[in-house]
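Good morning, and thank you for coming.

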Amino acid sequence: GAELLSCLCVWVLTSVDDVTVAEATSHLLEAPQHHEWNLHDLSIIWRTLLGRGLVQPLLRSFELFLRDCPLVLVLRMFELCCDYRNFSEAKEKLLDFQRTLITLRSSGPVSSGDLPLQWVESQASVLLLTMLQRCSSQYDLHRLLQLLADVDKLLKSNGPDFRKLSQLSQLLQGSEVSLSPRLLQCTSPSVQQEEFQAAVDALQARGRYSQARQVAQLAGLPVQHLLLNQLLQEVNSQKSKPQWRRLETRVSFWKKCQEQLKTDGTDPRPASQFFLSQAKAPSVDTQTELPDVQEHCLLLGIAAHWLSLLAPPPVDELESLEKTLWRNQVRRQVLTAAMEKESVFNLPPPSVTSEMNTYEVLMREFSFSNISALNTERFLSVEGLPTPCEEQQQQQQEQEEVNDGSGLSPEERRVLSTLIGRLLDNGSVHEASRVCRYFSLYHSDVWVVLRCRGLASGELHPRPPEEASEPVLRSSIASSSSFSSLSLAMFPLPEDDDVVVELQRLLDQCRHGNNYCKQVLSLYQLSKELQSSFSQVCREEPRSVLEMLLLSDQPERFRKAQAFIRAQGLSADTVAQLVSSAVAYTLLASSTQDLQPVVELLIAAHDCFSLTCNMEGIVRVLQGARHLSHAYLAPGEHYSLLVRLLTGIGRYNEMTYVFDLLHQNHRFEMLLRKKVDMDRGQCSSLKTALLDYIKRCLPADSEKHNMVALCFSMRREIGENHEMAARTQLKIIEAQPWVVTPDLESSLVKVLGLLKDAAESFSK
């Protein structure tokens, strides 16, 4: 082995020029002719010749002295790629090299050429790196990386990640951004990340954000700033187009930005800054002032939404944004009114159009009323709410500030008061209270609704009748039209409750927020019914309060629940779920005497859940029906209710246990009598279910099969049953010796009767 190694080294050196020999032997301490050659020397010769592109001398030498060495294959691959650019045949050589490595690893640590396998792998890595560094064009480099993409798992080296480099090269195609030479070296992970980041920055500079994002994801770099930069570029591009003057174009674009940032999982702070920076952008065209103001309102709402996701939410910033939003809302109303006054042909698009619908939907979605950090209890208190005196002082101060644009004019304050009334009508009491405080605006209806809540919660006390501005006789409360007669009937007003009297008086005074006052009154009365505090009832979700009422022992609780549903405006789905699950299970647990209402409630519950396609609710009903059947109906011999439960729900495949219970207790015929009370569709379903049950569970019970067939006028099935029974009897007779006996005569008479019955059934 040592002699072959020496011969190989000497042969290679004698095959190249003197300059190459000098470089390859510069590490020797003695003259080459006196040196004992080893693997280290061969490694230096290998690296030197490959660096100079002298693959032919190496290939000839290895073919001559170490023909079976796997390095012959990679040398041929080098030659095919670099000298002939034949990448397809080079790939075959690489595959052969891989297969040879696998074979050698399984056979032992030394190759057939007496070279250590680890050394062979190391020199193969040197060759591959040299090939990459010697590529004369990005195209050749890309082709070679594609070739080497699968080598990583076979070469034990600390070289670059060929697969990742191949993917990077693919992403950079057509971008005018080249693969960094530093990535083709055995660099540290930090240097590799720097080079990937440089590629990302170069792609961004050329506006190739999609490719930049893919490169960043490949390298594991953060991508949030990429999306923000991309969106900023798209904003600038959109603003240069004529369509940007239209509000619907802007709304659609900002909606897309919001969805992209949400999908990308962008951090709240930079996302908020992105939208906020666009809201502060100056208007470039006075003719688009109204769309600008509307756009700013939307952007402020989206920015606040992102800010609210921070932990903890920056309340001061949110309140500042909300105040700015309401300045824009006032300006929007002023501009709209001016346009209407100027010309009927210059009106903004009506709100019924799809574009404005999208805008209004987004405004509701990103409303400040939805930010829980702002909806604190202090805004539901009259403490700190501006009084008429404080408003007058504020008006005087703002009159001085109107000239510099920092205050509200009297006209703008009137507009703001109107907008606050709309907030109250929509139930946004927190926000209405905040806006009044932001602008020191006195609003009588805000005072009324907050006083209602204060009275109901016990924070305020009723005023004596002589102090009330509009005294109300207790006897006149029930005749007031401001509260529904149903609510009054279900929640009778106690004549000795001063809070109720005061609440009713305030309700009669309220112009905006009337529904909120009604809800406060109903919740107050309900809290008395449930013997709970108003604050506790108020903190619960309306559906939870309704459930509490349904679970209580109050007389006529279902009618009271109906009144509560109307007062609170609960949805049909919510009511259906509660009534059909909570009530049914409560009755199952508490009432075992009168089971008929329980059965009917389960049937009604199933109908509700079926209408709303609530599969979870349907499952709960079926579980309750099974429990009721086994625990109460069957043991108590309430078979008619058992049949009613089965046919009322109508899910026969899921309730075959009812068939079992009726069969075991010899009451199967009750199902057949039930057929009289059913319509054609239900009757057909029951018939199919019965026949299927008998076929699967009672195959030998021809009597029940005939009963079902006769009940449902299934003449053909009856005739077939009789005919089959006759043929069965004949086969029994044939199997016996033919001797005339009384038994034989009786059997033949029976067969004759069956055939007559079959013929009669077929004839009908």
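Is Gln 211 buried or exposed? In this predicted model, Gln 211 is buried, because its relative accessible area is 14%, and buried means under 20%. Gln 211 belongs to helix H11, which covers residues 209-219. Leaving aside residues up to four places away in sequence, Gln 211 touches Leu 171, Leu 172, Gln 173, Ser 175 and Leu 203.

Let me turn to helix H9, residues 162-171. Its buried residues are Phe 162, Leu 165, Ser 166, Leu 168, Ser 169 and Leu 171. Leu 171 is also among the residues that Gln 211 touches. The cover over the buried residues of H9 includes H11, together with helix H7 (117-133), helix H8 (138-148) and helix H10 (189-205).

My last topic is a pair of helices. How do H23 and H24 pack? Helix H23 (residues 498-509) and helix H24 (residues 514-529) meet at an angle of about 170 degrees, and their axes are 10 Å apart. H23 is therefore roughly antiparallel to H24, since an angle over 145 degrees counts as such. Their crossing is left-handed. From H23, the residues involved are Val 499, Val 500, Leu 503, Gln 504 and Leu 507. They meet Asn 514, Cys 517, Lys 518, Val 520, Leu 521, Tyr 524 and Gln 525 in H24. Sorted by class, this contact comprises eight nonpolar, three polar and one charged residues.

Thank you for your attention.

Notes: Residues numbered from 1 in each chain as written. Predicted model: local features only at pLDDT ≥ 70, side-chain atom pairs only at ≥ 80, totals over all residues. Heavy atoms only, no water. Helix = DSSP H or I, 4+ residues; strand = E, 2+ residues; numbered from the N terminus. Buried < 20%, exposed > 50% of the residue type's maximum accessible area, 1.4 Å probe, protein only. Contact = heavy atoms within 4.5 Å. Axes fitted to C-alpha atoms, helices over the stretch in contact; angles between N-to-C directions. Parallel < 35°, antiparallel > 145°, perpendicular 65-115°, else oblique. Left-handed = near helix turned anticlockwise from the far one by under 90°. Nonpolar A, V, L, I, M, F, W, Y, C, P; charged D, E, K, R; others polar.
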